[in-house]
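Here are my notes on the two-chain model you sent over. Have the structure open while you read; the points start where the chains meet.

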Amino acid sequence: MSTIKLSAEIFDPWQELADFQAQAVDMAGKYGATGVFVGSMRDFNEGDEVRGMYLEHYPGMTEKQLQRIVEQAQSQWQLLDVLLIHRIGQVWPNDTLVLVAVWSAHRGDAFDASRFIMENLKSQAPFWKRETLESGQTRWVEKNSDGYLKQP
Amino acid sequence: MSIKVLYFASLKDRVGRSYDELTIDAPLTVLEVWHRANPHMDMPGTVLASINMEYVGLDAEVSDGDDVAFFPPVTGG
C-alpha cells in the first residue's frame with residue numbers, strides 16, 4: 001500500500017497524517033511504528049537570504065521514479081503503508097516541501113525505510129530548485145547537502 | 001526516425017530551449033543525440049539522461065519515437 005502525491009498547493013503535513021491515519025482503518029492496531037520525515041523551505045541557503053523558490057519537475061518521470069523508490073523500500077522492509085507528498089511549483093519559506101511517512105509493526109522498518117525513501121528521492125527523483133534571493137536575482141541549486149552525517 | 005529531446009532546469013536555460021524534435025536516419029546513442037541537437041556545445045560532465053523516463057547511460061541506444069531527456073543533478077526534497 002502506498003500513496004504518492006505531487007502538490008502544487010501548500011499542505012499541512014500533520015493534517016495530512018491525521019487524515020491518512022483516520023482513513024486507514026485496516027491498519028489500526030497493526031502498526032507499532034510510524035516513521036515521519038518533513039522537509040521545509042529555509043529562508044537562507046549558501047550564506048544568502050532566500051525569498052522564494054520554484055520547484056521544477058519532469059511530469060511523468062518524477063511520479064515514476066518516486067513509485068520505484070517506494071516499491072524498493074516495500075521490497076526491503078516490512079511496511080504496512082507509505083505516504084509521500086512533494087510540493088511542485090512556487091514555494092515560500094516555511095512551506096513544507098516534502099512529507100515521507102512509513103507505517104510498520106516495528107521501529108526498525110519505519111526508521112530505515114523512511115530514511116531510504118528520503119535519501120533516494122534526493123538523489124533520483126527529478127526535481128530541481130530555483131531560488132529567488134533577497135536581491136531578486138535567481139539561481140539554480142546545484143547540489144544537495146549530505147543526508148548521513150555520522151555512522152552509528 | 002523521429003525522436004523528442006527534452007531539457008530541464010539549468011540545462012534548459014543553458015541550451016535556450018525546452019525541447020527539440022529530431023529526425024534521424026540511423027540509430028544513435030544518447031551521447032550522439034546530444035551532439036546532433038547541440039553541435040556547438042559540449043555536454044556538461046554532470047548531466048543525467050533518460051529515455052522514456054528511465055535513467056540511462058550515455059551509450060544507451062535511442063529508438064524511433066523515444067523521448068530523450070537531459071538534465072542536471074536533481075535537487076528535490
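1. The contact between the chains. In this predicted model, 23 residues of chain A are in contact with 13 residues of chain B, contact being C-beta atoms, placed from the backbone, within 7 Å. On the chain A side, helix 2 (61–76), strand 7 (96–104), helix 3 (107–124) and strand 8 (127–133) each supply at least two residues. Helix 3 of chain A gives the largest share, five residues. By type, the side of chain A that touches chain B divides into 12 nonpolar, six polar and five charged residues. Here Ala, Val, Leu, Ile, Met, Phe, Trp, Tyr, Cys and Pro count as nonpolar, Asp, Glu, Lys and Arg as charged, and the others, Gly among them, as polar.

2. Ground rules. Residues are numbered from 1 along each chain as its sequence is written, and chains are lettered from A and ligands numbered from 1 in the order in which they are written. As the model is a prediction, local features need pLDDT of at least 70 and side-chain atom pairs count only at pLDDT 80 or more, while totals for chains, interfaces and linings use all residues. Helices (H or I, at least four residues) and strands (E, at least two) are DSSP runs, numbered from the N terminus.

3. The core. Which residues of the largest nonpolar core touch the most other members? Of its 46 residues, they are A:A73, A:L79, A:L84, A:V102, A:I117, B:F8 and B:V68. Such a core is a set of buried Ala, Val, Leu, Ile, Met, Phe, Trp, Tyr and Cys residues joined through C-beta atoms within 7 Å. Buried means 20 or more other C-beta atoms within 10 Å of a residue's own, with C-beta atoms placed from the backbone; 12 or fewer is exposed, and in between is partly exposed. Strand 7 of chain A gives the most to this core, seven residues. For a look at one member, take A:I117: leaving aside neighbours within four places in sequence, A:I117 is in contact with A:I69, A:V70, A:A73, A:L84 and A:V100.

4. Chain A overall. Three helices and nine strands make up its secondary structure, in the order β-α-β-β-β-α-β-β-β-α-β-β from the N terminus. Along the principal axes the C-alpha trace spans about 50 × 35 × 30 Å. Buried residues make up 30% of chain A. Of the contacts with a separation of 6 or more, 77% are between residues 24 or more positions apart.

5. The chain A sheet. Four strands form an open sheet in the order 1-5-7-2, with mixed pairing; two strands pair if DSSP finds at least two bridges between them. Strand 1 (2–7) and strand 2 (33–40) of chain A are the edges, each pairing on one side only. Strand 2 and strand 7 of chain A pair antiparallel over eight bridges, and A:V36 stands opposite A:A101 in strand 7. Helix 1 (residues 13–23) of chain A packs on the sheet, touching strand 2, strand 5 (81–87) and strand 7, and its direction makes about 30° with that of strand 7. Axes here are lines fitted to C-alpha atoms, for helices over the stretch in contact, and angles run from 0 to 180 degrees between N-to-C directions. Helix 3 of chain A lies across strand 2, strand 5 and strand 7, at about 25° to strand 2.

6. Chain B. This chain has two helices and seven strands, running β-α-β-β-α-β-β-β-β. Its radius of gyration is 12 Å, close to the 11 Å that the globule rule gives for 77 residues, so chain B is as compact as a globular protein of that length. Of those 77 residues, 29% count as buried.

7. The chain B sheet. Five strands form an open, mixed sheet in the order 2-1-7-4-5. Strand 2 (19–23) and strand 5 (54–56) of chain B each have a single partner strand, so one side of each is left without a neighbour in the sheet. Five bridges join strand 1 (residues 2–7) to strand 2 of chain B in the antiparallel sense, and B:L6 stands opposite B:Y19 in strand 2.

Note on methods
Contact = placed C-beta atoms within 7 Å. Rg over C-alpha atoms; globule rule 2.2 N^0.38 Å.
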